[in-house]
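Have the viewer open as you read, and follow the residues along.

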Amino acid sequence: MADTPIFEVAETDANRVYERPRLLLDTTMHYCPGCSHGTVHKLVAEVIDELGAEDKAIGITPVGCAAFLYNYIDIDWIQASHGRAPSVATAAKRLCPDKLVFTYQGDGDLAAIGTAEAIHAANRGDNIAIIFINNAIYGMTGGQMAPTTLLGMKTATTPMGRDAALNGYPFKVADMLTLLDGVTYVTRQSVNTAANVRKAKKAIRKAFENSLHNRGFSFVEIVATCNSGWKMSPVAANQWMEEHMHATYPLGDLKDLTTTEH
C-alpha cells in the first residue's frame, strides 16, 4: 500500500514564491557556469511575459554569445549581421510601430563593429531598446581585449594589461549616449546580487515599456562577468567585477526623461 502524505498543500497564486518564466524554452543553456547572460535572459523573459507583450515582442540578436538568446525565449527573433542589430531594429520598429522592439548585444558587437549603428539609432530617437552586456572582454572568441576592457586588465591580446598609450581608454558607451537628444533613458545595472537583479529587471521593464509606447530610445547596460574569459571562478569573478569594473562603470541611471504618464 502506498504511503499517504500526512498533509498536502495545494499550490495557489497566493503561496507560490517563484516559478520558471513561462516564455523560457526547455533548452539547455550553452553559457559557461556563472555567466551573467543566463540571469539577464530570465529577466527579459519575465518582463515580456509580465507586460503581456509575447505577441508584440521582436528581439534582434547579432553575432557572439548574445546570438544564443533566440534559442531560449519564445518570441519572434531576427538575427542581424555583426554589429547591425540597431539598424535592423530601426527597420522593424518603423514597419511595425506598435511592437516592442529590442536588441541584445555584447561589448564586442555594440562597442566595436556596431558603434555607428548604435550611435545613429540613438541620435534619431528610434523607439527601440538596447540591452548591452558589458563583460569587458571578447568571451566567445578567446578572451581578447574589448573596447570596454579596463586599464591594466590582462587579456589574450593585452597579456601585460591594457595600456592607454597603446590601446586607448575603456569605451563608456552609456555615458556617451546620454549626450544625444534622441535618447530618453540610459541606465547601467548589474546582476551580481539579488538586489541588483531586481534593479536590472526594473530597468529592462522601463526600457521595454518605452519601446512599446514609442517614448524614444532606451539603453540598458548590464555590467557582467565572463569568468571563463577572465580565468576565474564565478565567485571570484563577481568579486573582481565589484572591486574593479564598478569603479569604471558605476551603476545607476544616467538619463531618464520618462514619466509615469502613458
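Let us start with Phe-208, which has 0% relative accessibility and therefore counts as buried (buried means under 20% relative accessible area, exposed over 50%, partly exposed in between, with a 1.4 Å probe and protein chains only). This is a predicted model, in which local features need pLDDT of at least 70 and side-chain atom pairs count only at pLDDT 80 or more, while totals for chains, interfaces and linings use all residues. Residues are numbered from 1 along each chain as its sequence is written, and side-chain values use heavy atoms, leaving out hydrogens and water.

**Aromatic pairs**
- The count comes to 6 aromatic pairs, where rings of Phe, Tyr and Trp (its six-membered ring) pair if their centres lie within 6.5 Å, and planes under 30 degrees apart count as stacked, over 60 as edge-to-face and the rest as tilted.
- Tyr-31 and Tyr-72 form a tilted pair, because their ring centres are 5.9 Å apart and their planes stand at 55°.
- Tyr-31 sits in the segment before α1 (37-50) and Tyr-72 in the loop between β1 and β2 (76-79), so this pair ties together parts 41 residues apart in sequence.
- Tyr-31 is buried at 12% relative accessibility, and Tyr-72 is buried at 1%.
- Phe-102 and Phe-208 also make a tilted pair, with 4.8 Å from centre to centre and 35° between the planes.
- That pair links distant parts of the chain, 106 residues apart: Phe-102 is in strand β3 and Phe-208 in helix α7 (helices, H or I with at least four residues, and strands, E with at least two, are DSSP runs numbered from the N terminus).
- Phe-102 is buried too, at 0% relative accessibility.
- Ring pairs join Tyr-31, Phe-68 and Tyr-72 into a cluster.

**Helix α2 and its surroundings**
- Within α2 (residues 85-95), the buried residues include Ala-85, Pro-86, Ala-89 and Thr-90.
- Among the elements covering the buried residues of α2 are β3 (100-106), α4 (115-124) and α7 (194-212).
- Pro-86, Ser-87, Thr-90 and Arg-94 of α2 meet Glu-117, Ala-118, Ala-121 and Arg-124 of α4 (contact means heavy atoms within 4.5 Å).

**Glu-221**
- Glu-221 belongs to strand β8 (residues 217-223) and is buried at 0% relative accessibility.
- Its side chain makes a polar contact with the side chain of Asn-134 at 2.9 Å (a pair of N or O atoms within 3.5 Å; within protein, one must be able to donate a hydrogen and the other to accept it, and residues adjacent in sequence count only if both atoms are side-chain atoms).
- Leaving aside residues up to four places away in sequence, Glu-221 touches residues including Phe-132, Arg-188 and Tyr-249.
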